[in-house]
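Take a walk through this structure, one stop at a time. Keep the sequence and the 3D view side by side.

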Amino acid sequence: MRTQAIFVSFVVSVALSNSPVLAAEKKKKERSAPKPTTIITFTPPPEDPPLAVSSGSGVPLAPETGGGATAGAPSSPAITPAVLPTAIPTTPAPNPEPPITSAYASPNPRAKSFNPDVSANFLGGYRHSTRGNDVVTDDSNGFYFQEAELQFTADVDPYFRGVGLFSLHRENGAYAFEPEEVYFETLAVPTVTIKGGKFKAFIGRQNTLHSHAYPFVDAPLANQNILGDEGMNDVGLSGAVLIPASWFMEFTLQVMSGQEADLYKSAHPNDLVTVAHFKNLWDLSAATTMELGLSGATGWNQWDGRSNVYGADLTFKFRPTEGGKYRSLSWSTEYLAQAAQNNPNGSGLGGLATWLQYQFAERWWVQGRYDFLGLPVSDAFGIKNKQSLLLGFFPSEFSALRAQYDHLADDAGPDEHRMTLQYNISIGAHPAHAY
Amino acid sequence: MQWRNGMVVLGVALAMATPAEAKLKVVTTITDLAAVVKEVGGPEVEVDSIARGTQDPHFIEAKPSYMVKASRADLIVAMGLELEQGWLPSILRGARNPKVMPGAPGYVEAGAWIEPLEVPTGKLTRADGDVHGGGNPHFNLDPERMATVAIKLGEKLGELSPTQRADFKARAEKMRDRLLAKTKEWQARVVRSGVKQVVTYHKTLTYFLARFGIANPEILEPKPGIPPTSAHIIHVIEVIRARKVPLVLVENYFDDSVIKKIRSAIPEIRSRTVPVLVEGAEGIATLDDLYETLIKAVESGGGQ
């Protein structure tokens, strides 16, 4: 318990030692008193049909009726500078610039409201597995509804940001609506972000992701078997310090109740779980980054022993600075292991997953993953060996269609072959992407 | 006496360590804003841009190394108008630097200082593609709006470093006057070129074309952010033929293979792949270089 007391006092002292002064009104004042820009535009020659400068999806114009077929644009001779002053009328041409009053005074209708950013994400699809035919379960063959997630985010005031994510999904044959992450975090404390509420534990990169942001349609075997289907996600308090260094170095310490995680369901309500993550990210070049993370978690378990989780993650990402819209590559590896004292099913279990993601066109990705569970081997789970291949098409930032094939070899019977077609749809507020 | 000497030494040491000599650290989202800060701020200001000139500023990854830069910044200068909404919020939160959070004096959006174009009026829907509720965010290609941005940035820098206010103001006014004077010359050259319409890939050049009286009858993207489809390219080719559009400009972070398709249908069409940001190509170190390159590209469509 001592480490937790120290942590809390550290958090409180950091919070109290800073009284940020924010001038939130400043920008709004500047916005409300615009300085009109001088408008200098050219009146199009009279023989030209009106051209819509702002036309996006096309001027309705049949080729044979093209008003400009013989019209003057290219045929007019060069205008000498002497003529120029008369060619700059002060009245705006019909299209290029809208009147100043209309738009500038109220740039964005949504910007005026205090509503939080709201978005929803839908995940589902069709799957077929050589093992999914026996009984109807949440995982059986056919069309499936994986999850609908509702997200609300907003700055609470100059000091806090509030985030609420709620998930509707299938659980034990029925729909369940649950809070996934509901937390506040600090905006005005320098160097450290303090977060309180219910959130995902920072054990490796994968566990912090929501299911719609998973690199594959499913999580690696080690995450599923050690931290559970929904990952380790618990109520508590978190502090993440940005350590001054020439690269990105962050140390995160989290204390959690433990009651939400199977691994840490202690009989004593005062027993807390402590999670630590140490993240380093270097820019190897303008195009390449390397991230190395180390994670650990410790707390009492339901068998009156200690459970420890260890993790390490290593990610390389490459996106060229020229042509980066069309090509990129990333390679990630995560290791996760547990040691649970007094666990009747055996104490140790660990696994390693490594995957490559290659973007070969603006909207297309191909990915491969190798996944191994059995480092160390647990008698209850045996050795599992899995290979996955994924093809992803992303029509826009807000939609994705993915096809994934998995081959699984384990002790449970003949090898499993599984095909999943998944849609991933986001509506509402624009997401801010994590790196 | 020793005690007093000690105090003097300590005082001197403190004076040397105080930020009288410290440069203002400014981080901008795009290189064009960095170019303005560099000129207006002069030697007293250190400036760094998050995006490079060769990258599409809509889609920058929120790399943690940018968080490190922002954590040490005194001022963040963004374009605003939702250009950076996919990546800047993550960088600012990761930076953990309250001085530069939106709402604080160390955060400004240049979009608030200018009059935006193409502000959507009806209901916003993503069925229209990547539309920005605040209007088209690519005003960095309008020399006159950037002249306004220079003045405002000069005021902002003066607010953060009052002792240098006069220097910032003088440099900003010099920059504004130069850009406004050059704009007149550039306008004259565009008129002489005879080019009155161009086709572009994205609506990146909207402000530039509006400033120089050039119409933009068609965009190669069927909708903002959606890559060209075959059917849409055929439609664009029809428009180019019908309107006798002399020139296609493709912003250089987009795939310019689409030019080949247009040229196979209209062999006489002129085209240029153009940088649209400072440092977007070799030799483009300032806004003046950038606009000059674009004007030359427009001129290349003339004389037909």
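The paragraphs below go from strands to rings, then to a loop and a pair of helices.

This is a predicted model, in which local features need pLDDT of at least 70, side-chain atom pairs count only at pLDDT 80 or more, and totals for chains, interfaces and linings use all residues. Residues are numbered from 1 along each chain as its sequence is written, chains are lettered from A and ligands numbered from 1 in the order in which they are written, and side-chain values use heavy atoms, with hydrogens and water left out.

Start with strand E1 of chain A, residues 117–129. Helices (H or I, at least four residues) and strands (E, at least two) are DSSP runs, numbered from the N terminus. Two strands pair if DSSP finds at least two bridges between them. E1(A) pairs with strand E2 of chain A, residues 142–155, in the antiparallel sense over 11 bridges. There, Gly125(A) stands opposite Tyr144(A) in E2(A). E1(A) also pairs with strand E16 of chain A, residues 416–428. That pairing is antiparallel, over 11 bridges. Ser129(A) faces Arg418(A) of E16(A) across it.

Now the aromatic rings. Rings of Phe, Tyr and Trp (its six-membered ring) pair if their centres lie within 6.5 Å; planes under 30 degrees apart count as stacked, over 60 as edge-to-face and the rest as tilted. Over all chains, the count comes to 15 aromatic pairs. Take Phe145(A) and Tyr175(A): their ring centres are 5.5 Å apart and their planes lie at 80°, so the pair is edge-to-face. Phe145(A) is in E2 and Tyr175(A) in strand E4 (residues 174–186) of chain A, 30 residues apart.

How exposed are they? Buried means under 20% relative accessible area, exposed over 50%, partly exposed in between (1.4 Å probe, protein chains only). Phe145(A) has 29%, so it is partly exposed. Tyr175(A) has 52%, so it counts as exposed.

A charge sits over a ring if NZ of Lys or CZ of Arg is within 6 Å of the ring centre and within 35 degrees of the ring normal. The charged end of Arg170(A) sits over the Tyr175(A) ring, 4.6 Å from its centre.

Next, a loop. Ala412(A) lies between strand E15 (399–409) and E16 of chain A. Its relative accessible area is 66%, so Ala412(A) is exposed.

Finish in chain B. Helices H6 (residues 165–193) and H10 (residues 287–299) pack at about 5°, with axes 10 Å apart. Axes are lines fitted to C-alpha atoms, for helices over the stretch in contact (heavy atoms within 4.5 Å), and angles run from 0 to 180 degrees between N-to-C directions. Angles under 35 degrees count as roughly parallel, over 145 as roughly antiparallel, 65 to 115 as roughly perpendicular and the rest as oblique. H6(B) and H10(B) are therefore roughly parallel.
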